[in-house]
Amino acid sequence: MTRTQIAGLAVLWALAVPTIADAGPRRSKTGTTEPRQAIGPIAVSIAGARRVRGNRPEHASLHVNFSQPSHVPDAALNLSLTAFEHEAFPPGSGLNLRSSIVEHPPTAWSDLHLPDLPVRWTPKVVRYVKYFATDPKGIKLMRVWLARLGRYENTLRQILEEVGVPSDLIFVALAESGFDPKARSRVSAAGLWQFMKSTGQVYGLESGYWIDDRYDIHKSTYAAAVYLKDLQTRFGSWELALAAYNAGYGLVTQAMLRNNTNNYWALCEIENGLPYATTNYTPKIIAAAIIAHNRERFGFSRAEVKPRSPVVPVAVKLARGVKISTLANAIHADADLLADLNARFVRGRTPPKGKPTTAYIPKQNLKAFKRASKRLRADAGDYDTYTVRLGDDLASIARRFDTTERMLRRLNRVFDSGEITAGVTLVVPTSDTPRPAPSSPRERPLAALPALKPPSGHRLLFFRVTRASTSKQICDAFRCSWQDVVHWNDLDPQARLHHGQILQLVVPTKFSAEAASVRALEKQDIEHVTRGSQAHLDAELARRDLVRRAYKARKGTTLARIGKRFGLSVGSLARINGFSRRHTPTVGEHITVYVAKDNTRGTVKASPPRSDSLLREAAAAQQLHRAPTGRDASTATTAKLPGKVRKNTSRPSPTAAKGE
């Protein structure tokens with residue numbers, strides 16, 4: 001492999017699994033180990049980088065708030081497989097075969113048992129078989145796959161046969177997830193069959209806060225079987241169907257038309273044919289199926305592989321709100337096995353609201369379940385539920401039910417507060433009387449906003465942004481456009497809204513936040529000030545028990561001495577006063593300082609704060625509105641000299657002033 005290929009492989013892998021490719025654990029100051037990712041000569045803390053990104057994916061759009069971290073099983077072995085692919089099949093190098101379809105196997109393999117998928121003995125298929133059978137890393141990966149397959153093989157094959165597709169399509173799940181039901185890719189494909197949410201919904205797999213059917217072993221296998229059957233119906237060959245499963249049927253159709261062929265193997269060789277990963281996808285699956293049908297021949301006997309014991313899952317009805325770990329303890333089942341069988345319950349418990357739902361347990365634990373079912377129902381009722389509104393966050397919900405954010409996170413297995421979207425039902429501790437909304441001035445949020453006067457028949461309403469808020473949700477709830485929200489709040493439309501930021505919105509006087517299912521704030525619920533004004537600074541400082549004063553510089557005064565006297569850094573003084581850290585105060589100069597209320601000795605009254613453009617415009621608008629009726633301000637067309645006013649100018653119309 002060339003240096004260029006190795007570098008390309010490193011970049012490819014870093015993009016594919018950013019949470020796994022690491023430089024080994026480092027010991028933090030607290031004594032715990034933290035995983036780090038090698039990027040060139042440095043090792044970056046993965047958790048720290050996610051915190052810097054606000055727990056958002058690296059390439060997320062502006063309005064993406066949260067995406068669960070990827071879970072890629074067998075990461076190191078898959079990295080070795082990728083290295084083999086790049087060495088054996090360099091990207092962009094066609095095989096230049098005389099015939100792209102090879103019907104006959106190598107002589108040494110002429111007596112193999114073949115899978116019920118079409119087998120073409122192309123060089124890629126042969127190379128994959130040899131890699132899995134002879135390369136130490138390939139052997140190790142195949143052993144892991146075959147061992148994991150033992151748990152689910154019978155169940156999956158039965159479903160595939162029931163739908164009427166080849167049962168060896170089971171090896172699609174091997175290529176997609178390594179038979180790990182909890183697998184999740186960096187692009188949020190999930191489950192054994194790695195369904196994207198949109199495709200899963202087409203085939204009956206619903207994805208919500210509490211349940212994601214893409215992780216359901218049974219439902220996802222039925223969906224994959226039907227989807228693959230539809231693709232085979234569309235293309236007529238299983239090779240093209242598999243390519244479409246990997247790359248999308250639109251791309252495969254386009255490649256066929258552009259290159260005027262229906263031959264998958266030919267498309268793999270053409271420069272503008274199929275994506276590189278797709279050219280490897282089908283031969284990898286066929287090679288794995290060949291190995292699995294000839295385990296003894298290739299050295300994968302039961303003694304070598306040690307497959308997991310087959311599981312016969314039985315469907316049972318489980319009451320709402322039951323934790324899967326509680327179920328495992330009650331029926332004396334293996335907790336990890338039960339979590340895999342019920343991976344669709346992504347929060348580790350059945351939904352807390354609604355009818356009993358279907359769960360799966362091993363057949364041998366059915367009698368124990370029948371004995372424990374009454375107690376499980378009783379345990380499920382020991383909580384209340386709360387349906388989240390737009391504008392709720394964990395902190396406000398915790399205050400409402402007199403609990404803590406930590407407790408809410410534990411009860412509902414919250415990965416990130418960006419998941420707490422409107423309509424989600426949460427488990428909350430039982431509480432007789434929810435805590436009322438804050439009433440004291442110090443408890444009310446400070447809302448520093450541009451001056452805005454609503455038109456007749458309208459009023460101002462305020463909304464506190466949460467991690468889960470999106471522009472579309474806000475606009476839908478308050479029936480306005482995003483351009484209006486940007487204008488009303490002087491926002492940058494290219495920047496993210498930040499958790500805790502308060503927006504002002506113009507709504508009809510009769511607008512009902514209750515009817516819109518939104519958590520809005522009235523004017524009395526907040527401390528409303530004009531952004532950048534004296535009132536804004538005073539209110540913000542008062543919350544920290546500080547006041548805005550000034551220090552009159554004397555001979556020999558330096559920023560360092562002022563800072564030491566009032567507990568401020570040189571950087572803070574420079575930022576407050578808008579000058580450089582190297583600034584030398586002149587005698588008599590007033591330096592603005594923020595000091596404790598009981599530490600104002602030696603200070604004088606501060607001059608008004610620097611006026612920003614918004615304040616100047618607001619002041620000008622107010623002055624114009626209250627302009628004296630004696631004369632108009634001079635303009636370039638009415639004044640004889642700059643700034644001079646004609647004596648015979650007419651008085652302004654009150655309606656004209658209002659129109660301004």
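Three strands form an open sheet in the order β11-β10-β12, with antiparallel pairing; two strands pair if DSSP finds at least two bridges between them, while helices (H or I, at least four residues) and strands (E, at least two) are DSSP runs, numbered from the N terminus. This is a predicted model, so local features need pLDDT of at least 70 and side-chain atom pairs count only at pLDDT 80 or more, whereas totals for chains, interfaces and linings use all residues. Residues are numbered from 1 along each chain as its sequence is written, and side-chain values use heavy atoms, with hydrogens and water left out.

- Strand β10 (residues 458–464) pairs with β11 in the antiparallel sense over 7 bridges, and the bridge partner of His458 in β11 is Pro508.
- Helix α19 (residues 471–478) packs on this sheet and touches β10, β11 and β12, its direction making about 30° with that of β11. Contact means heavy atoms within 4.5 Å; axes are lines fitted to C-alpha atoms, for helices over the stretch in contact, and angles run from 0 to 180 degrees between N-to-C directions.

**The β15-β14-β16 sheet**

- Another open sheet of 3 strands has the order β15-β14-β16, with antiparallel pairing.
- Here β15 (590–596) and β16 (604–605) stand at the edges with a single partner strand each, so one side of each lacks a neighbour in the sheet.
- Strand β14 (residues 546–552) and β15 pair in the antiparallel sense over 7 bridges; Lys552 has His590 as its bridge partner in β15, and Arg548 stands opposite Tyr594.
- Between β14 and β16 there are 2 bridges, again in the antiparallel sense, with Ala550 opposite Val604 in β16.
- Helix α21 (residues 534–542) lies across β14 and β15, running at about 110° to β14.

- Leaving out residues up to four places away in sequence, the contacts of Phe132 include Leu81, Met142, Trp145, Ile291 and Phe300.

**Ile331**

- Ile331, in helix α14 (residues 324–331), is buried, with a relative accessible area of 1%; buried means under 20% relative accessible area, exposed over 50%, and partly exposed in between (1.4 Å probe, protein chains only).
- Among the residues Ile331 touches, beyond those up to four places away in sequence, are Leu338, Ile361 and Phe369.
- Ile331 and Leu366 are 35 residues apart in sequence and 8.0 Å apart in space, C-alpha to C-alpha.

**Whole protein**

- The secondary structure comes to 25 helices and 16 strands.
- Of the 660 residues, 45% count as buried.
- Among contacts between residues at least 6 apart in sequence, 68% join residues at least 24 apart.
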